[in-house]
Amino acid sequence: VMESYVSDEKQVLLELLQQRQYDEALDACEKLELLNGPESQQEGFFAVYLTLLLIKIDLDNARYLWKRAPPSIKHKSSEFSALWEIGKKLWNRDIKGAYQAMLHDWSDTVKPLVDELKAAVVTSSLSLIRKVYSKISVQIMSELLNTTPEEILLECQRLGWNIDISTNISYVIIESSTTKEIKEKINIIDDTKLLKQLSDYVYHLEKRTLRVDLSGKSTDAKETVSGTAISSSNS
């Protein structure tokens with residue numbers, strides 16, 4: 001009876017993947033692991049499970065899944081290992097490296113999931129860019145998102161962000177949708193060597209909580225990246 005139930009759950013998982021219902025598919029993976037334990041799962045299951053966690057940008061649980069996966073799966077499955085390479089890049093906030101790691105030759109089951117993962121990373125990166133920048137060059141933005149300037153222009157048009165072409169360098173003027181939340185703004189930096197440091201700063205913004213003094217007012221903060229002042233302001 002248990003074997004029949006597990007078989008049914010696997011069929012449910014396949015159907016959910018075909019229907020692109022990834023949240024429900026992730027729930028199905030968790031249920032299957034609880035039913036059978038990690039030792040009894042096949043390598044394809046772990047590849048799907050890990051990708052679904054990465055799509056959610058749930059890096060903590062992705063790392064725990066990698067740790068508890070059987071050593072035989074880690075050594076046998078090049079796909080599972082390749083997926084974890086993406087996870088490591090995201091964990092280290094190396095977005096450009098994560099995109100490069102996505103260029104692996106994926107199986108038919110995993111390929112659409114990786115496509116979805118790429119879209120999720122782009123969405124997450126755009127959200128962070130919106131928090132951090134008030135103005136950013138098209139070239140820098142295209143490198144942060146590992147895409148072409150032409151695609152950046154189309155994406156900015158979709159988001160309603162303006163493009164400043166009054167100088168030799170085209171800039172994206174970012175319109176924030178937040179009016180009462182903290183808006184972090186940094187000075188324009190055109191040196192592409194600072195991209196990794198800027199990525200680190202973005203991570204810092206995600207993790208930082210507002211310091212509130214006894215009067216209830218937020219405390220202004222100033223950060224520096226390679227000697228370049230980065231200021232935050234309340235709105």
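Q: In this predicted model, is the crossing in which α3 passes α6 left-handed or right-handed?

A: A crossing is called left-handed when the near helix is turned anticlockwise from the far one by less than a right angle. In this predicted model, α3 passes α6 in a left-handed crossing.

Q: At what angle do the axes of helix α3 and helix α6 cross, and why is α3 roughly parallel to α6?

A: Angles under 35 degrees count as roughly parallel. The axes of α3 (residues 43-55) and α6 (residues 78-91) cross at roughly 20 degrees and come within 9 Å, which means that α3 is roughly parallel to α6.

Q: Which residues make the contact of α3 with α6?

A: On the α3 side they are Phe 46, Ala 47, Leu 50, Thr 51 and Leu 54, and on the α6 side Glu 79, Phe 80, Leu 83, Trp 84, Ile 86, Gly 87 and Leu 90. Sorted by class, this contact has nine nonpolar, two polar and one charged residues.

Q: How do α3 and α4 pack, at what angle and how far apart?

A: Angles over 145 degrees count as roughly antiparallel. Helix α4 (residues 59-68) packs with α3 at about 160 degrees, the axes being 8 Å apart, and the two are therefore roughly antiparallel to each other. Here Phe 46, Tyr 49, Leu 50, Leu 53 and Leu 54 of α3 meet Leu 59, Asn 61, Ala 62, Leu 65 and Arg 68 of α4.

Q: How many residues has the largest nonpolar core?

A: That core has 57 residues, and Ile 86 is one of those with the most contacts inside it. Its largest share, ten residues, comes from α3.

Definitions and conventions:
Residues are numbered from 1 along each chain as its sequence is written. This is a predicted model: local features need pLDDT of at least 70, side-chain atom pairs count only at pLDDT 80 or more; totals for chains, interfaces and linings use all residues. Side-chain values use heavy atoms; hydrogens and water are left out. Axes are lines fitted to C-alpha atoms, for helices over the stretch in contact, and angles run from 0 to 180 degrees between N-to-C directions. Helices (H or I, at least four residues) and strands (E, at least two) are DSSP runs, numbered from the N terminus. Angles under 35 degrees count as roughly parallel, over 145 as roughly antiparallel, 65 to 115 as roughly perpendicular and the rest as oblique. Contact means heavy atoms within 4.5 Å. Ala, Val, Leu, Ile, Met, Phe, Trp, Tyr, Cys and Pro count as nonpolar, Asp, Glu, Lys and Arg as charged, and the others, Gly among them, as polar. A nonpolar core is a set of buried Ala, Val, Leu, Ile, Met, Phe, Trp, Tyr and Cys residues joined through side-chain atoms within 4.5 Å. Buried means under 20% relative accessible area, exposed over 50%, partly exposed in between (1.4 Å probe, protein chains only).
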